[in-house]
Amino acid sequence: MNDTHEYNDQNVKTVVGVPLVLIENEKFRKDQYPVGEKKIPQEDHDFDQEEDDEEEEEEEEELEEEEELEEEEEESLLLATLGDGAPSPSVIKLKIKKSLLEFRCKIEDAILGNYLLGESNENLAPEEMLMARERLRDIRLWGVPLLPSKAHEGTDVVLKKFLKAKDFKVNDAFDMLKKTLIWRIENKIDGIIDEDLGPELGNAGFLCSKDREGRPVCYNTCGIFRDRHVYKKTFGSQHKSDKFLRWRIQIMEKAIKRLSFREGGVDSVIHVFDLKNTPVQGIKELNSASKKAFMLFQHYYPEIIHKNIVVYAPFWFYTSQVIFTRFISQRSKKKFILARPHKVTQTLLKFIAPEHLPTEYGGLRRNNDDDFSPADKALEHKIKGSTVSRVEFPILEPGVTIMWDVTVLGWDVSYKEEFIPDDEGSYIILLQNQSIVDDSTRNSFYISEPGKIVITVENWTYKKKRMFYRSKTRTTIPMFILLS
């Protein structure tokens, strides 16, 4: 009955920089605001606006520098371990390749010699020894064969993770790989995804969408443990605490299933830890289980976690973090990002596009969304301080329903939605008008005559705002036609 068509964002028009003083006592008309940019005279606040712009530019530069440092990280770490002056980049890359080649040979010998897992085969019968060797030849990690002579495209990618975690020290990387495989066998990790660990932990963590580079994003929330009944049900005994730990490992394994271990593929995940409403006292078991999970990830999932982003952290967390970081590696410390409460959305948007970021964190993604999908990309519009900005969605043909999503970082603005007909004799329809919005807003409107949807944002502050929006139209047959 209804045909859905993606709306062409090229038809969207934006009008920016309209001074607030022009509309304080005047009625809005569709031809009232000229295209262009005007500023309210500011003598005392120009410097604040410049500082805000400079801060935003500095943050973007910091992110770019951070990405460059990550690319050079393995070379710099190897350089630090060499201690032989400052070799050229070509020499460093050659030594990295040499470390990988030595690691490959060591693993090949260990698998073919049947001692990778440290098993003693002295008491085995010849038939049993042959079967053990055959099983070891097929050994895999995260679905990737470890025997280098099989020439699987993901083998080197996996091996490099262990080398990087141990600063390209082959013997240390081999020992880490050996312990990882033994731990997985002893704890039956390969079958953990199929385990039923109960639905009660579903709200404590979930996989949702991906970051800008295609990495899966795992959200961990602690607010549900504010309920003492839920807390006791989760950590009331050692068995329950162990079950929580296996649940954390299960989510990690589910995220790894979405990875692609090949050159240039997505081979790491993002973790977001939401500490909002976390109880302050009586959470010893939660802290203990969380630390155990983190240490397991550090020891048995090297370089799988790209970033740990902590949001809404209470004051006490910073103190405990200083103590905890003494027991983790320098490489793991660099993966932690603490987002200040007023910059949570801004920090997450550096890594996650708005159409993939859940609405509770300032994005546009909603659960069980029938109207939009992450494939519907959002556009960004910057609103300068002390100005009014408009975004227009022109609709030339009637008989469609238009839907739109809008979010403004930090909000603290006046927000209005209107339908303005092309016919000047028709009425302007006010759809929404509110001062401050805390979450993303979504609306729809059936177009019965040519016109446009106009979204007006009044930024009363002196700080620049960022708005993200998207729209889509759907051919609709009115109900009164169907009834007739």
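**Figure 1. R366, D369, D371, D405, R442 and R470 are linked in a network of salt bridges.** The view is taken from a predicted model. R442 has a relative accessibility of 21% and counts as partly exposed. D369, at 22% relative accessibility, counts as partly exposed, and D371 counts as partly exposed at 29%. A search of the whole structure finds 20 salt bridges.

**Figure 2. A salt bridge joins E380 to R466.** The closest N and O atoms of the two residues are 2.7 Å apart. The pair links distant parts of the chain, with E380 in strand 10 and R466 in strand 17, 86 residues apart. On which side of the burial cut-off does R466 fall, at 19% relative accessibility? Residues under 20% relative accessible area are classed as buried, so R466, at 19%, counts as buried. E380, at 38% relative accessibility, counts as partly exposed.

**Figure 3. M467 is buried in the model.** M467 has its place in strand 17 (residues 465-475), and its relative accessible area is 1%. M467 and E380 are 87 residues apart in sequence, while their C-alpha atoms are 5.7 Å apart in space. Not counting residues up to four places away in sequence, M467 touches L379, E380, H381, I383, V391, V406, T407, V408 and V457.

**Figure 4. Strand 7, helix 8 and strand 8 make a right-handed β-α-β unit.** Helix 8 spans residues 284-300. Strand 7 (residues 269-274) and strand 8 run parallel and are joined by six bridges. In this pairing, I270 stands opposite K307 of strand 8. Strand 8, formed by residues 305-311, is mostly covered, and seven of its seven residues are buried.

**Figure 5. Strand 8 also pairs with strand 9.** The pairing of strand 8 with strand 9 (residues 336-338) is in the parallel sense and extends over three bridges. I309 stands opposite I337, a residue of strand 9. In a regular strand, side chains alternate between the two faces of the sheet.

**Figure 6. Helix 11 is largely enclosed by the rest of the structure.** Helix 11 comprises residues 344-351, and six of its eight residues are buried, so the rest of the structure largely encloses it. Which residues of helix 11 are buried? They are V344, T345, T347, L348, L349 and F351. An α-helix has 3.6 residues a turn, so residues three or four places apart point the same way.

Note on methods: Residues numbered from 1 in each chain as written. Predicted model: local features only at pLDDT ≥ 70, side-chain atom pairs only at ≥ 80, totals over all residues. Heavy atoms only, no water. Buried < 20%, exposed > 50% of the residue type's maximum accessible area, 1.4 Å probe, protein only. Helix = DSSP H or I, 4+ residues; strand = E, 2+ residues; numbered from the N terminus. Pairing = 2+ DSSP bridges. Right-handed = clockwise from strand over helix to strand, strands pointing away. Contact = heavy atoms within 4.5 Å. Salt bridge = Lys/Arg side-chain N within 4 Å of Asp/Glu carboxyl O.
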